[in-house]
Amino acid sequence: MKDRAVQKFVIESKKGRSILNFRELFLYKDLLYFFVLRDITVLYKQTILGILWAILNPMFQMVVFSVIFGKLAAIPSDGIPYPIFTFSGILPFNYFSQSLSNASMSLVSTTGIFTKIYFPRILIPLTPILSKLADFLIAFLILIGMMFFYDIIPTVNVVFLPMLIFLMILTSMGIGMWLSSLAIQYRDVKFAIGFITSLLLYSAPVVFPASLIAEKAGYTVYLLYGLYPMAGVIEGFRASLLGRTPMPWDLILIGSISSVIIFFSGAYYFKRTERIFADVA
Amino acid sequence: MSEYAVRVNDVSKAFLIGLKESRKETLGAELISWFRSPVKNFNNLKRLNTFEHSEESDDFFWALRNVSFDLKHGETLGIIGDNGAGKSTLLKIISRITNPTLGYAEVFGRASSLLEVGTGFNNELTGRENVYLNGAILGMTKSEINKKFDEIVAFSGVEKFIDTQIKKYSSGMKIRLAFSVASNIETELMIIDEVLSIGDTEFRKKSLSKMIQIAKSGTAIILVSHNMLPIQSMCKNTMHLEHGRIVNYGKTNEVVSSYLGNLNKDKTSQTWTLESSPSSESIKITKAEVLPVLNVPVIRAGDPFEFRFEFYNLIENEYDINITFHLSDEYENLVFIGSTALTGKKFNVSKGYISANCRIPANLLNHGKFTISKLFVLKGFENVIYDHSDLLVFEITGDVEYSPGKSGKIDGLLKPKLEWELTAGNN
């Protein structure tokens, strides 16, 4: 408190200099905590099933995908039972798409707050990125249950799982910063977000294995496919937890590079445009 | 630590306003313009960013123009002005919500801005959860809120419902809770926009005295209000903004009275012809004036005076008319209601001219500016057939000595000459 007393803020028309002001983020860590807490508490209020929805939603998806893509279309699944094959993709992807679409619309839906009070604007898209981790963790429990059911023991590569989760969060945040600052200026994003997420779903290796791409289109295309960070993340989840395929380090490496680029360009664009948010909101 | 809390240096802020768009004459041209509109829309949206171009342009609207001022720690500044004068924009710049197009502002120390009470209140959360959330939004840390929590809840008076979802609160309870959070922040600078005019009278008084207490504790305060009362009771200095520029800055009393003086130019008499009368179908006003009863040029405190209203009644059938007016002082406080209904008499009228005189007795009102803020004409007791706002503005000046050698303004709205009897020295 005392150290803030002497702090001086200059409000001028110049653009922000640093990409992320960590010192300021640290000062507002309690606000971030309360924002995330609010998101989690409010989400299942006034529902009958409550937190069960976090389990039911991915379960239904798994059933539908297993019937349509596993049985009817008979898409190969690297020799893994199709339900757990697709669920290990649904798990990270659902986090990715939900946190991403919430983050994208976050600025638009909180104009009432940030046009009235100052706090680092970056907290707004950051909130869903963190709060959606709660659903992710709950759904993760189902995956563990299914692994028991199918008698699957995770490989030693499971130590890389936190890194994959981090990559997943970094990607969501990067795209979230891009889309949220675009959405506050151009509401077109609101209409586009629906097909963006379904495009991201069908291009991610959720219902099919990435190996299918290498098989059908060759290794170069497979590497290009790695530019989509979720390809490496999802295949990494499968390899480390289910162990039927080797760790796809090629996909993960390419995905990490593109994720870092998305993140820093997103942070830069967000920082560059944040001073006009209150004016255009 | 700097002696200043805020320094605003030559700040200007531009907004883009929509220019009239050219209308297409043919359907074909219209269709083409639809397909071309994405490009145009993109350019328009892009231009909303007023930082990229600082050149003068037709569709720029300068919400603030070359505003500079300093505020030291412990000082209080009021900002007044009509709607659209730039008051809120200035507060938003000092609050770091928006950036100036030109110039800069410096804020020393932690600032809290109350541009709205209850920012970020979430209906699904309980009162307790909202106190923490709102407190954090306003810049408090969790431990600071913990320390202040009991005080906040006690001030709001919603202790019993603190663990109830606030969607079950009445709007008054929400506002009280929100204000309690906001007023318990400890900062070096507090920026307040109109939030003192919320809640019921009781709570308004309570919040005003809380603000005065905060001001005394050494927090610098910038207060925007349309209500002069909080400005006059809290602020040493006041700034009057008009069209984005500072037109007057100085001691609160001087700035406020010159602002209000400009606002209500005296209007002691108004007349209309039957054609120009702003009246209704049923009755037309033709004249309204205020004049002294005695043969003096001005109305003095201590003198009787008269209101005269003239109407032309268009209703054929006879009816009982009721004429009522509100007399307000220059701060828009209602002083009294004058009404024919309060006389206990019936005033029966038929088609034609009506003249109504109302005499205000001597020794009733104090000095100052007064307004007939409302005039109502009713048919019977319920049926309003005509109403008029801000009909007359006049000043009670001059002076009648109330004691030999003593005259001038005393406190209070009224300056009545009361009947006194004193008994003394019987024992």
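These legends describe close-up views of a predicted model. Local features need pLDDT of at least 70, side-chain atom pairs count only at pLDDT 80 or more, and totals for chains, interfaces and linings use all residues. Residues are numbered from 1 along each chain as its sequence is written, while chains are lettered from A and ligands numbered from 1 in the order in which they are written.

**View 1. The two domains of chain B.**
Domain 1 of chain B covers 4–17 + 34–43 + 58–262. Domain 2 of chain B covers 269–396. These bounds come from an automatic or database domain assignment. The C-alpha centres of the two domains lie 40 Å apart.

**View 2. The open sheet of chain B.**
Four strands of chain B line up in the order β10-β11-β12-β16, with antiparallel pairing. Strands are DSSP runs of E, at least two residues, and helices are runs of H or I, at least four residues; both are numbered from the N terminus. Two strands pair if DSSP finds at least two bridges between them. β10 (269–271) and β16 (352–360) of chain B stand at the edges, each with a single partner strand, so one side of each has no neighbour in the sheet. From one strand to the next, the twist averages 20°.

**View 3. Strands β10 and β11 of chain B.**
β10(B) is joined to β11 (residues 283–292) of chain B by 3 bridges. The two strands run antiparallel. Gln270(B) stands opposite Ala288(B) in β11(B).

**View 4. Helices α4 and α7 of chain A.**
The axes of α4 (residues 53–72) and α7 (residues 123–149) of chain A come within 9 Å and cross at roughly 60°. Axes are lines fitted to C-alpha atoms, for helices over the stretch in contact, and angles run from 0 to 180 degrees between N-to-C directions. That angle makes α4(A) oblique to α7(A) (under 35 degrees is roughly parallel, over 145 roughly antiparallel, 65 to 115 roughly perpendicular, the rest oblique). α4(A) contributes Ala54(A), Ile55(A), Pro58(A) and Met59(A) to the contact. α7(A) contributes Asp135(A), Ile138(A), Ala139(A) and Ile142(A). Residues are in contact if their C-beta atoms, placed from the backbone, lie within 7 Å.

**View 5. Helices α4 and α5 of chain B.**
α4 (residues 142–156) and α5 (residues 171–182) of chain B pack at about 140°, with axes 8 Å apart. They are therefore oblique to each other. Ile152(B), Phe155(B) and Ser156(B) of α4(B) meet Arg176(B), Leu177(B), Ser180(B) and Val181(B) of α5(B).

Terms used: Contact = placed C-beta atoms within 7 Å.
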